[in-house]
Amino acid sequence: MNGVWSALSGLGDQLAAHVLLSAAAIALGIVVALPLAIWASRSEKVARISLAFASLVQTIPALALLALFFPILLSLRSVFGEGLPTLGFLPALLALALYALLPILRNAVTAQANLDPGVIEAAHGVGMGFRQRLWLVEAPLSTPYIMAGIRTAAVWTIGAATLATTIGQKSLGDPIFAGLQTQNWALVLAGCIASAGLALLADTILGTIERGFRDRRRSLWLGGLVAVALGLGAALFAQFGGEDEDAVVIGAKGFSEQYILARLIGQRLEEEGFAVEYRDGLGSAVAHSAAASGEVDIYVDYTGTIWANQMKREDNLPREEMYEQIAEWETANTGMHVLGRLGFENAYGLAVARERARTYGLGSIEDLARVAPQLTVGGDPEFFERPEWIAVRDAYGLRFAERRNFSPTFMYNALRSGEADVIGAYTSDGRIEADKLIILDDPRGAFPNYDAVLLLSPSAGRNEGIIAALEPLIGAIDVGAMREANYSVDREEDKLSFEEAARQLAERAGL
């Protein structure tokens, strides 16, 4: 439990960001839902359409809804200009506000529909106009029911906000995703406890406000509002009180190696006096688009990923030629600067346990194709949608009995437990040697090269100070050092933090 309390004590920034994001989303949901509810109470058609839309939104998984706003906002830049944020707070706010809409809207419409007709008639009888009836009669009677909907929306929103990590917004999802990746259950528990505690606290405060309105006790609802204001004020101070607006934003995809390399880059920049900020857990496409648009200043990508996913190339060139074409393409098409290769390759490869390889006589992917219909293949969440997998599958005619998705860490557990027979592994992962796995040969060269490269956004690529701080990284990290660093955070005992692993990696690389 000491590890959990220690992790909890370090979640101040994430908690503040989570509070502000959730509060803003709930507030936006209220601002949209209440006028819509008033309109819906006077039009059956509007009520039917608005409630159907809000219900439809609820059928979309929160993670998908969050992810969808990234391309939507990116396309809107042609209308609102390049300054429109596409990552972080804005897309998370819009998605979560939509998610909060249904309970508030439904309760508000129900409250309006069930007002005592006699009361409304009496208000008409004494000559009240629309606004007078709304503020003096309907609002006081409906408020307790509306507050019940807001309470439900608050709990939903605070829980769903943990997923905002995947689109670059700091939240209590940061420790949860990082902990799941490295099987650091203290981090996972800390994130869950903080999120659940925040939801319970919000529900209690909003319940006090609801009870105050219901019982006509000003001290209760006014005290609840003061508590909300104080909480938001504290979160604002914690989030922005000493923040450097010129911080260099470092992006990282959702696996251990990326977290470590991001901290390594951040530590070097901090040594040169730069303030840094991290955006972790990004998908490949989101990370690349975010850097191209300036939402992220620096991140590490891989030549094969850019070649297949961004450039849509299906051929497989020699390493040097591929790298040169990628650097030229990025400059011409995205304005990004490819600073150089870090010195190691993290390729995709199909991995099997040594015992399974002996049983089936597996040494190459060609051997695997013969027995694939008897086996289950596992991969990370994006592996089976990537062009590289499709190229390998078609090149060797791979047809497996079953295909399963796992988080990058749980892929290896699945191989050990027998839930998968083959996985799409990362060749720089320390668990390959630790788990006695074999990477099958690729005699047809279907997998491209995956040299780790350092990419800078158009603005960061013009910053001589950033370039000077990061140039020593180029060619400095060999695959052995990277495997050791990865395993230091992924192993089950004596885990290092990403920061500690980055410092050790820097020492081994002589930086």
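## A walk through a predicted model

The protein chain has 22 helices and 10 strands, where helices (H or I, at least four residues) and strands (E, at least two) are DSSP runs numbered from the N terminus. This is a predicted model, in which local features need pLDDT of at least 70, side-chain atom pairs count only at pLDDT 80 or more, and totals for chains, interfaces and linings use all residues. Residues are numbered from 1 along each chain as its sequence is written, and side-chain values use heavy atoms, leaving out hydrogens and water.

Student: What share of the 511 residues of the protein chain count as buried?

Tutor: Good place to start! Buried means under 20% relative accessible area, exposed over 50%, and partly exposed in between (1.4 Å probe, protein chains only). Of the 511 residues, the buried share is 51%.

Student: Is V79 buried or exposed?

Tutor: Find V79 in helix α4, residues 62-80. Its relative accessible area is 59%, so V79 counts as exposed.

Student: Which helices each supply at least two residues of the lining of the largest cavity?

Tutor: A cavity is a set of points on a 1 Å grid over the protein atoms alone where a 1.4 Å probe fits but cannot get out, and lining residues have an atom within 4 Å of a point. Among the lining residues are S256, E257, N486 and D490. The helices asked for are α11 (256-271) and α21 (479-490).

Student: How much space lies in the largest cavity?

Tutor: Grid points are joined across faces, edges and corners, and a volume is the space filled by probe spheres set on the points. For the largest cavity, that is about 70 Å³.

Key: 1 Å grid on protein atoms, 1.4 Å probe; cavity = no way out; pocket = protein on both sides within 12 Å on 5 of 7 lines; lining within 4 Å.
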